[in-house]
Amino acid sequence: MRRVLVAGLCATAALITACATEPQARVLTASTSTECVVLLHGLNRSWRAMQPMAEALQQAGFTTVNVDYPSQSGPIEEIAPQAVGLGLESCRNTGAQKIHFVTHSLGGILLRYEDERAPIADLGRVVMLGPPNQGSELIDITEDWPGFDSINGEAGLQLGTGPESVPSQLGPVNFELGVIAGTGTINLLASALLPESDDGKVTVARTRVDGMGDFLVVGNSHRYITRSAVVIRNTEAFLKTGHFLDEDRTVAD
């Protein structure tokens, strides 16, 4: 079973790895808005994963900056200043007075790391989708498997649950944060390795972080949580009000 899972993970990574060789930003301007949203995709993904969210938020009145960054290019300590920095610069260049973030998976850890390293004065609200805020047991289990390094890079190795991992070294968040966790999966073998309810990559419990303001569980997988209609409308709601929608707290899309 282990060999089958490794092969499956490798095949999946080969299909989805399409990250930029250096950070790039795609801006959708809302002409009357003074608020901008930076979108950060996850490990082995690209700006395309966040584009439906970016378009929906632009239609809701936010200027959006969809950052494409090379998630396999180095450690979190190098990637975070580049990806987060480009998002902030691009938003500020639009004249935005407040800058929000919507992140997926690794993107949330990049933001937390960078905000601790250099606190973001104009940071508004943040929504994290499937973030490994307490690391992922899947990294602990698979980090020594053949091909892990080439698939996930240095940043992937830093997302475990041990005391040396980056998530374990970050403190509580000090910004308005809503976390959305998933319980669906498209990788039954990976989910079988995880100890409890999960999205195929991260358990629901490990998406939580001290200081968060709201929490929502949906029935989506880690891969597709960024495209869910329920997730998109709750992301918009949190960015506008600081709360998720009550009617969706027991609804899975």
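The secondary structure of the predicted protein consists of nine helices and seven strands. The radius of gyration is 17 Å, close to the 18 Å given by the globule rule for 253 residues, so the protein is as compact as a globular protein of that length. The C-alpha trace spans about 55 × 40 × 35 Å along its principal axes. Of the 253 residues, 56% are buried. The protein exposes about 10,500 Å², of which carbon and sulfur atoms supply 50%.

The seven strands form an open sheet with mixed pairing, in the order 1-3-2-4-5-6-7. Strand 1 (24-28) and strand 7 are at the edges, and each has a single partner strand, so one side of each lacks a neighbour in the sheet. From one strand to the next, the twist averages 15°. Strand 2 (residues 35-40) and strand 3 (residues 63-68) run parallel and are joined by five bridges. Within this pairing, Leu39 has Asn66 of strand 3 as its bridge partner. Helix 2 (residues 51-59) packs on the sheet and touches strand 1, strand 2, strand 3, strand 4 (98-104) and strand 5; the direction of helix 2 makes about 165° with that of strand 3. Helix 3 (residues 76-93) lies across strand 1, strand 2, strand 3 and strand 4, and runs at about 155° to strand 2.

Side chains of opposite charge can pair when their charged atoms come close. In this model the count of salt bridges is eight. One of them joins the side chains of Arg125 and Glu176, with an N to O distance of 3.1 Å. Arg125 lies in strand 5 (residues 123-129) and Glu176 in strand 6 (residues 176-182), so this pair ties together parts that are 51 residues apart in sequence. The two partners fall into separate accessibility classes: Arg125 is buried, with a relative accessible area of 18%, whereas Glu176 is partly exposed at 41%.

Arg206 is partly exposed at 23% relative accessibility, while Glu137 is buried at 16%.

The side chains of Asp214 and Arg249 likewise meet in a salt bridge, at 2.8 Å from N to O. Here too the pair links distant parts of the chain, with Asp214 in strand 7 and Arg249 in the segment after helix 9 (229-241), 35 residues apart. Asp214 is buried, with 10% relative accessibility, and Arg249 is partly exposed, with a relative accessible area of 31%. Salt bridges with shared partners join Asp214, Asp246 and Arg249 into one network.

Two further residues were examined for their surroundings. Ile76 is located in helix 3 and is buried, with 0% relative accessibility. Apart from neighbours within four places in sequence, Ile76 is in contact with Pro81, Leu106, Ile109, Leu110, Tyr113, Ala155, Gln158, Leu159 and Val166. The C-alpha atoms of Ile76 and Gly42, which are 34 residues apart along the chain, are separated by 12 Å.

Glu236 belongs to helix 9 and is partly exposed, with a relative accessible area of 24%. When residues up to four places away in sequence are not counted, Glu236 touches Leu57 and Ala60. The C-alpha atoms of Glu236 and Met53 are 9.2 Å from each other, although these residues are 183 apart along the chain.

Terms used
Residues numbered from 1 in each chain as written. Predicted model: local features only at pLDDT ≥ 70, side-chain atom pairs only at ≥ 80, totals over all residues. Heavy atoms only, no water. Salt bridge = Lys/Arg side-chain N within 4 Å of Asp/Glu carboxyl O. Helix = DSSP H or I, 4+ residues; strand = E, 2+ residues; numbered from the N terminus. Buried < 20%, exposed > 50% of the residue type's maximum accessible area, 1.4 Å probe, protein only. Pairing = 2+ DSSP bridges. Axes fitted to C-alpha atoms, helices over the stretch in contact; angles between N-to-C directions. Contact = heavy atoms within 4.5 Å. Rg over C-alpha atoms; globule rule 2.2 N^0.38 Å. Areas by Shrake-Rupley, 256 points an atom, 1.4 Å probe, with all protein chains shown as cover.
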